[in-house]
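Here is a short briefing on one protein chain.

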Amino acid sequence: MTEGEIKPVFAWPVRVYWEDTDAGGVVYHSNYLRFLERARSEWLREAGIGQHQLQHEAGIVFVVHRMDLKFRRPARLDDLLTATVRTLEVRSVRFSVAQQLLREPDRELLVEAEVHVACLDAASFRPRPIPEPLLLEIASR
């Protein structure tokens with residue numbers, strides 16, 4: 001990647017269903033977190049990083065340490081959304097990503113998030129360094 005080049009963005013489609021909305025057909029605020037979580041999980045899965053596998057084979061789990069959200073517009077029943085993920089920073093025991101929820105087809109920005117994810121030992125839930133090959137894979141995304 002050359003200087004000034006923007007890292008590629010991972011995109012995952014999300015459809016809004018009745019179960020995601022309140023009585024007025026607007027997405028309930030906590031459900032935006034679910035949409036973002038699914039996109040991060042699929043982002044890792046695309047890189048060959050299964051979270052179940054990490055827990056049982058590598059003895060680690062990823063947990064959200066901090067999340068900053070900015071709600072710009074509401075999503076509504078039957079909307080087709082795109083949830084994006086882009087790596088911002090990678091350190092030995094944590095990484096952060098920028099995420100967006102966009103309404104299709106015009107890609108209207110609905111939600112922006114900065115998510116900080118920590119690596120923990122699966123047994124003790126204490127901070128633990130991300131294994132080097134995994135760290136390099138996350139940094140390249």
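Glutamate 37 sits in helix α1, which spans residues 29-46. The model is predicted. Glutamate 42 belongs to helix α1 too.

- Glutamate 37 is partly exposed, because its relative accessibility is 33%, between the limits of 20% and 50%.
- Apart from neighbours within four places in sequence, glutamate 37 makes contact with Gln51 and Val64.
- Glutamate 37 and arginine 76 are 39 residues apart along the chain, and 19 Å separates their C-alpha atoms.
- Glutamate 42 has a relative accessibility of 18% and therefore counts as buried, since the cut-off is under 20%.
- Glutamate 42 touches Phe10 and Trp12, with residues up to four places away in sequence left out.

**Aromatic rings**

- Ring centres within 6.5 Å make a pair, and the count comes to five aromatic pairs.
- Phenylalanine 10 and tryptophan 12 are stacked, because their ring planes meet at 10 degrees, with the centres 6.4 Å apart; the limit for stacking is under 30 degrees.
- Phenylalanine 10 is buried at 10% relative accessibility, whereas tryptophan 12 is partly exposed at 31%.
- Phenylalanine 62 and phenylalanine 95 pair edge-to-face, at 5.3 Å centre to centre and 90 degrees between the planes.
- This pair links distant parts of the chain: phenylalanine 62 is in strand β2 (residues 60-71) and phenylalanine 95 is in strand β4 (residues 94-103), 33 residues apart.
- Both partners are buried, phenylalanine 62 at 12% relative accessibility and phenylalanine 95 at 2%.
- Tyr32, Phe35 and Phe71 make up one aromatic cluster.

**Fold and dimensions**

- The protein has three helices and five strands.
- Read from the N terminus, the order is β-α-α-β-β-β-β-α.
- The radius of gyration is 16 Å; this agrees with a compact globule of 141 residues, because such a globule would come near 14 Å.
- Along the principal axes, the C-alpha atoms fill a box of roughly 45 × 40 × 25 Å.
- Among contacts with a separation of 6 or more, 68% join residues 24 or more positions apart.

- Buried residues account for 38% of the 141 residues.

Methods. Residues numbered from 1 in each chain as written. Predicted model: local features only at pLDDT ≥ 70, side-chain atom pairs only at ≥ 80, totals over all residues. Heavy atoms only, no water. Helix = DSSP H or I, 4+ residues; strand = E, 2+ residues; numbered from the N terminus. Rg over C-alpha atoms; globule rule 2.2 N^0.38 Å. Buried < 20%, exposed > 50% of the residue type's maximum accessible area, 1.4 Å probe, protein only. Contact = heavy atoms within 4.5 Å. Phe/Tyr/Trp six-rings, centres within 6.5 Å; stacked < 30°, edge-to-face > 60°.
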